[in-house]
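Hi,

Here is the structure I said I would pass on. Have a look at it first, and then read on for what turned up.

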Amino acid sequence: MTSQTTVDTAPQTPEPPAPTPAKGLRGHPWLTLFSVAIGVMMVALDGTIVAIANPAIQKDLGASFADVQWITNGYFLALAVALITAGKLGDRFGHRQTFLIGVTGFAAASGAIGLSHSIALVVVFRVLQGLFGALLMPAALGLLRATFPAEKLNMAIGIWGMVIGASTAGGPIIGGLLVENVSWQSVFFINVPVGIVALGIGIVILKDHRAEKAPKSFDVLGILLLSTAMFCLVWAIIQAPTWGWGSGLTWLFIIGSLVAFGLFAFWETKVKEPLVPLGLFRSVPLSAGVVLMALMAIAFLGGLFFVTFYLQNVHGMSPVDAGLHLLPLTGMMIVASPLAGVVITKVGPRIPLAAGMIFTTVAMFGMSTLETGTSSFVMSIWFALLGMGLAPVMVGATEVIVGNAPMELSGVAGGLQQASMQIGGSLGTAVLGAVMASKVSNDLPGNWTDAGLPPLTPDQADKAAEAVQVGVPPVAPGTPAEIAAKITSVAHDTFMSGMGLACLVAAGVGAVAVFVALLTKRGVNADAADAGVHI
């Protein structure tokens with residue numbers, strides 16, 4: 001037990017008793033923050049920038065609805081599963097090396113996506129993007145902890161968090177500009193020069209920091225069990241509309257997921273250096289913070305997935321116009337995040353987090369009322385309210401999760417905080433996508449018949465449902481204008497009914513999160529950075 005504590009604690013303890021300002025460029029605290037922020041910006045940006053490009057990718061590559069989901073799911077799932085493992089790699093081999101490898105791999109995978117001509121290759125390289133992105137995130141935080149003196153560490157982490165929030169929020173606008181004025185491939189190509197800059201600056205600026213006694217082993221079985229559990233769960237949810245929720249194949253994957261989760265939990269209590277020390281979850285506030293982060297991501301990222309199709313395919317907006325219509329959301333997140341930080345510092349996280357999830361719930365309910373002819377002003381109200389709700393949750397999660405973890409496990413807790421958001425985003429897209437697919441499949445035949453349209457064969461009906469799930473009217477070439485107008489009306493109305501139900505489900509998730517937020521409190525180890533300097 002003693003050796004385990006030493007291993008976990010060592011990464012938190014810089015070699016000198018207290019870091020002193022660097023005289024040269026290498027290891028300079030603020031330059032280190034600038035360097036890692038560039039890399040982190042790429043990862044956070046790609047979490048949402050692709051959402052605005054999804055319609056163009058789907059059209060250009062002839063992808064199915066499930067294929068488009070996996071462009072997002074593959075990235076989030078790979079990122080989430082690998083985050084904690086990547087943190088262990090940084091502890092053993094050094095955060096500088098881990099960060100630079102992550103930057104290089106992420107940029108290379110991005111370039112490969114831009115050169116891909118099939119949806120299968122796009123998904124494969126998105127998974128690689130997620131894996132290399134996972135190397136970046138914990139390594140960046142590890143570098144900040146080792147470089148900044150205790151009295152300035154919280155400020156550095158706050159700026160680091162704002163970069164993530166601003167990048168996540170700015171993704172749709174940047175994506176819209178690139179897709180409309182260049183191509184969907186440019187959304188990925190842009191990471192290549194950014195990655196080269198981050199690599200060059202990192203080589204010059206970043207200073208190597210290694211744990212005094214790095215881990216000697218990796219929880220390989222734990223990694224395999226957790227990866228298997230998450231894959232089976234998300235795959236079952238995505239395939240359920242095709243297989244059927246009562247299908248034996250669907251339940252085989254769900255049961256397989258539950259078994260893998262159970263085996264993972266059991267194994268983590270036996271292995272000397274577990275992937276996720278289950279003792280962390282004895283803290284109710286910490287556990288509540290992890291659950292809250294996941295629920296927030298389910299509602300936010302799952303809902304955002306459909307909003308882009310709504311704006312572009314139903315309202316007929318260009319990618320840039322769609323990004324500009326999301327400006328109230330992105331702008332409110334950027335403005336409200338620092339304000340939320342001030343409020344949380346003064347009154348603690350419980351009230352701001354609960355209020356934030358109330359705003360999120362109301363916003364998602366409002367978005368469920370959107371129609372094909374809803375005005376931009378009404379949309380802006382709900383988008384702005386959503387941004388106002390998300391800000392305190394994004395800012396407060398780190399304090400709740402990391403602050404309530406023991407000092408020797410604070411690095412693992414930081415990885416857990418990031419992983420919970422990524423897993424939540426993946427599950428949100430999958431769950432709400434399944435809700436949308438099921439609703440469209442149920443409503444489309446009746447709506448089609450009621451409009452007096454010619455009956456469809458089973459194969460035609462399946463293809464029509466796939467198109468309607470992304471808001472595209474299944475109008476065949478040469479269809480008379482009058483019939484095409486009816487098909488468009490039916491397709492858009494059916495899409496809106498599916499999106500409305502998906503947003504209601506997201507609102508329900510947000511309502512549950514309100515009560516979870518009430519279980520949080522200020523971290524009992526909030527002064528961990530100070531403690532770490534004197535260990």
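Let me start inside. The largest nonpolar core has 136 residues, and among these Phe-99 and Met-499 touch the most other members. The biggest contributor to this core is helix 11 (residues 284-314), which supplies 20 residues. Bear in mind throughout that this is a predicted model.

Which residues does Phe-99 contact, once its neighbours within four places in sequence are left aside? The list is Ser-35, Val-36, Gly-39, Leu-136, Ala-139, Ala-140, Leu-143 and Leu-206.

Ser-35 sits in helix 2 (residues 29-61). Is Ser-35 buried or exposed? Ser-35 is buried, because its relative accessibility is 0% and the cut-off for buried is under 20%. Again setting aside neighbours within four places in sequence, Ser-35 has contacts with Phe-99, Ala-198, Ile-201, Gly-202 and Leu-206. Leu-206 therefore turns up in the contact list of Ser-35 as well as in that of Phe-99.

Trp-251, Ile-255, Val-259 and Leu-263 make a nonpolar surface patch of about 380 Å². If you want to find Leu-263, go to helix 10 (residues 248-268). Leu-263 has a relative accessible area of 45%, so it counts as partly exposed; the exposed class would need over 50%.

On the cysteines: how many disulfides does a search of the whole structure find? The answer is zero. As a reminder, a disulfide is a covalent bond between the sulfur atoms of two cysteines. Two cysteines to click on are Cys-232 and Cys-503. Cys-232 is buried, since its relative accessible area is 11%, and Cys-503 is buried too, at 2%.

Finally, the overall picture. The protein chain's secondary structure consists of 19 helices and zero strands. The chain has 535 residues, and 58% of them count as buried. Taking contacts between residues at least 6 apart in sequence, 85% join residues at least 24 apart. The accessible surface of the chain is about 21100 Å², with 70% of that belonging to carbon and sulfur atoms.

Cheers

Note on methods:
Residues numbered from 1 in each chain as written. Predicted model: local features only at pLDDT ≥ 70, side-chain atom pairs only at ≥ 80, totals over all residues. Heavy atoms only, no water. Core = buried A, V, L, I, M, F, W, Y, C linked by side-chain atoms within 4.5 Å. Buried < 20%, exposed > 50% of the residue type's maximum accessible area, 1.4 Å probe, protein only. Helix = DSSP H or I, 4+ residues; strand = E, 2+ residues; numbered from the N terminus. Contact = heavy atoms within 4.5 Å. Patch = residues over 30% accessible without salt bridge, like charges linked within 9 Å, V, L, I, M, F, W, Y side chains within 5 Å. Areas by Shrake-Rupley, 256 points an atom, 1.4 Å probe, with all protein chains shown as cover. Salt bridge = Lys/Arg side-chain N within 4 Å of Asp/Glu carboxyl O. Disulfide = S-S within 2.5 Å.
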